[in-house]
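Biologist: Could you take me through this model, please? I shall ask as we go.

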Amino acid sequence: MSSSTGGPTGIYTPGSIWAKAIEQSKQQKKADSSKDDAYVYILGAKGSGKSTVLNRFLYPTQVEVPKPSQCLEYTFARKPGSSFGPGDRKELAHIWEVSGSDAFAQQLAQGSQIFLTYRQVTTAVVVIVLDLSQPSSVIPTALQCLDLVQRKLAATYTLFERKGLQLPEQLRVRQRTKLLSQHEDKDLVALSGISIVLAGTKWDGFRDSVEAEGQRVLGRCLRWIAHAHGAHLLYLGGLQAAGGQGMGGAAGAAAGAQQQLQPQQLLDNFCRLLSHVTFVGMDRKMPLKLQPQFDHLGPLMIPAGSDKFSSIGSPQVQLTPGALKAAADVAAVQQQWVAVVHGLFPPGPGKAQEQQGKVPPQLDARYREEDVDTARARREAALEAYRREMEAIHRQETAARKQKAAAAAAGGAGQGQQQQQAVARRAR
């Protein structure tokens with residue numbers, strides 16, 4: 001059917017409700033197809049609760065204790081898109097849980113495939129799990145993981161900058177605009193451009209075993225570190241209790257019904273926070289039910305950008321807004337807090353010392369597999385032969401380059417001498 005003017009009619013008539021719906025659907029499909037997947041990395045010391053935290057995020061109602069992770073474990077999470085309809089694209093998050101081995105984490109960071117590569121930094125989230133029941137290891141673990149993330153990001157950002165791309169600075173500007181646009185510390189916080197979450201687990205054990213002064217000092221040190229790096233900070237407890245509502249210890253039993261719900265509320269907020277930074281990012285306000293919690297005798301819950309250096313204070317002098325002038329001042333106060341924490345909770349033996357005398361897994365007789373060991377030996381022999389071949393080729397190429405350079409130098413000297421003789425003959 002056509003109109004009297006000969007123009008298009010029906011659902012394709014420009015300006016009609018059907019034409020608008022079709023155009024909106026096309027735009028939505030284009031936006032969905034261009035949305036990148038998210039990448040979540042969970043770091044932390046061995047036994048800190050990384051697997052439990054991940055399991056409760058993926059399955060909040062399940063309380064089974066998962067098996068400890070080995071080296072690197074992958075899973076994923078899906079979340080419905082923001083549009084309507086049963087056929088909407090599902091948002092996908094790739095989740096990597098990194099074991100507590102320092103050597104493996106360093107090796108992973110040096111790779112170019114999985115951890116914070118140029119393909120992943122725009123939608124990356126790092127969760128650093130800290131075991132509060134081992135207070136002497138909390139600060140070293142936090143600083144070590146943050147340093148690992150910063151060094152990897154610096155290497156990845158360098159790849160962009162070499163190509164003349166401004167993406168690293170754009171990520172930092174976006175984060176600063178969303179979190180610290182009107183903040184008194186906006187020029188002092190070292191933003192990374194990605195979302196970082198410091199999750200302190202086993203808070204109930206920490207509360208029952210550490211005196212109030214220790215809780216206050218460790219809490220303030222964590223607050224300073226988190227705020228200095230633009231990270232979220234929150235405590236979790238009772239993750240293995242039924243329904244996530246249990247609070248271990250005698251103090252929890254006498255705390256009352258309202259406080260017994262705190263672990264579940266904390267878990268809910270953690271899940272909302274992680275879901276938000278993973279699937280939404282920093283472009284929208286974070287939907288948290290609880291207000292930020294700054295009481296050091298309770299479970300801290302401080303979203304990024306909610307804290308202030310002047311509120312945290314220094315262990316030596318009182319800080320006022322504007323007292324810190326540069327990043328060096330922030331680092332100096334951080335070292336003061338770290339020193340105080342180490343005074344209360346002396347670090348144990350280093351992990352390198354703990355590893356002394358331990359047999360590597362590939363050499364441990366308990367894990368011997370004849371077929372696997374034979375295949376491994378063949379591959380190692382082939383790798384060694386390849387390495388020697390490459391070294392021989394490199395030596396030959398180096399020697400050839402040196403000979404060529406020497407010949408060129410000799411030829412240049414001879415040519416120069418001939419030119420000088422010609423000039424002398426012309427002068428005579």
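Modeller: Strand E6 (residues 232–235) pairs with E5 in the parallel sense, over four bridges. Two strands are taken as paired if DSSP finds at least two bridges between them. Helices (H or I, at least four residues) and strands (E, at least two) are DSSP runs, numbered from the N terminus. This is a predicted model, in which local features need pLDDT of at least 70 and side-chain atom pairs count only at pLDDT 80 or more, while totals for chains, interfaces and linings use all residues. Residues are numbered from 1 along each chain as its sequence is written, and side-chain values use heavy atoms, with hydrogens and water left out.

Biologist: Which residue in E6 is the bridge partner of Gly200?

Modeller: Tyr235 is the bridge partner of Gly200. E5 also pairs in the parallel sense with strand E4 (residues 124–131), over seven bridges. There, Ser195 of E5 is the bridge partner of Val125.

Biologist: Why is E5 described as largely enclosed?

Modeller: Seven of the seven residues of E5 (residues 195–201) are buried, so the strand is largely enclosed by the rest of the structure. Buried means under 20% relative accessible area, exposed means over 50%, and partly exposed lies in between (1.4 Å probe, protein chains only).

Biologist: Which E5 residues point which way?

Modeller: Ser195, Val197, Ala199 and Thr201 point one way, and Ile196, Leu198 and Gly200 point the other way. In a regular strand the side chains alternate between the two faces of the sheet.

Biologist: What does Ser48 touch?

Modeller: Leaving aside residues up to four places away in sequence, Ser48 touches Val129, Asp131, Thr201 and Lys202; contact means heavy atoms within 4.5 Å. Ser48 lies in the loop between E1 and helix H2 (50–58), and at 1% relative accessibility Ser48 counts as buried.

Biologist: Turning to rings, how many aromatic pairs are there?

Modeller: Rings of Phe, Tyr and Trp (its six-membered ring) pair if their centres lie within 6.5 Å; planes under 30 degrees apart count as stacked, over 60 as edge-to-face and the rest as tilted. By this rule there are four aromatic pairs. In one of them, Tyr41 and Phe115 have ring centres 5.2 Å apart and planes at 85 degrees, so the pair is edge-to-face. This pair links distant parts of the chain, 74 residues apart, with Tyr41 in strand E1 (residues 38–44) and Phe115 in the loop between helix H3 (102–110) and E4. Tyr41 is buried at 0% relative accessibility, and Phe115 is buried at 1%.

Biologist: How is the pair of Tyr74 and Trp96 arranged?

Modeller: That pair is tilted, at 4.7 Å centre to centre and with 50 degrees between the planes. Tyr74 lies in strand E2 (residues 72–80) and Trp96 in strand E3 (residues 90–98), so the pair ties together parts that are 22 residues apart in sequence. Tyr74 is partly exposed at 39% relative accessible area, whereas Trp96 is buried at 19%.

Biologist: Which residue lies over the face of Trp203?

Modeller: Arg207 does, at 4.9 Å from the ring centre. A charge sits over a ring if NZ of Lys or CZ of Arg is within 6 Å of the ring centre and within 35 degrees of the ring normal.

Biologist: What about Leu116; is it buried or exposed?

Modeller: Leu116 is buried, with a relative accessible area of 0%. Its place is in the loop between H3 and E4, and Leu116 has a positive phi of about 50 degrees although it is not a glycine.

Biologist: Next, where is Lys308 found?

Modeller: Lys308 is in the loop between strand E7 (301–302) and helix H11 (309–312), and is partly exposed at 36% relative accessible area. Not counting residues up to four places away in sequence, Lys308 touches His183, Glu184, Asp185 and His227. Lys308 and Asp185 are 123 residues apart along the chain, yet their C-alpha atoms are separated by 6.9 Å.

Biologist: Lastly, how many helices and strands does the protein have?

Modeller: The protein has 14 helices and seven strands. Of its 428 residues, 37% are buried.
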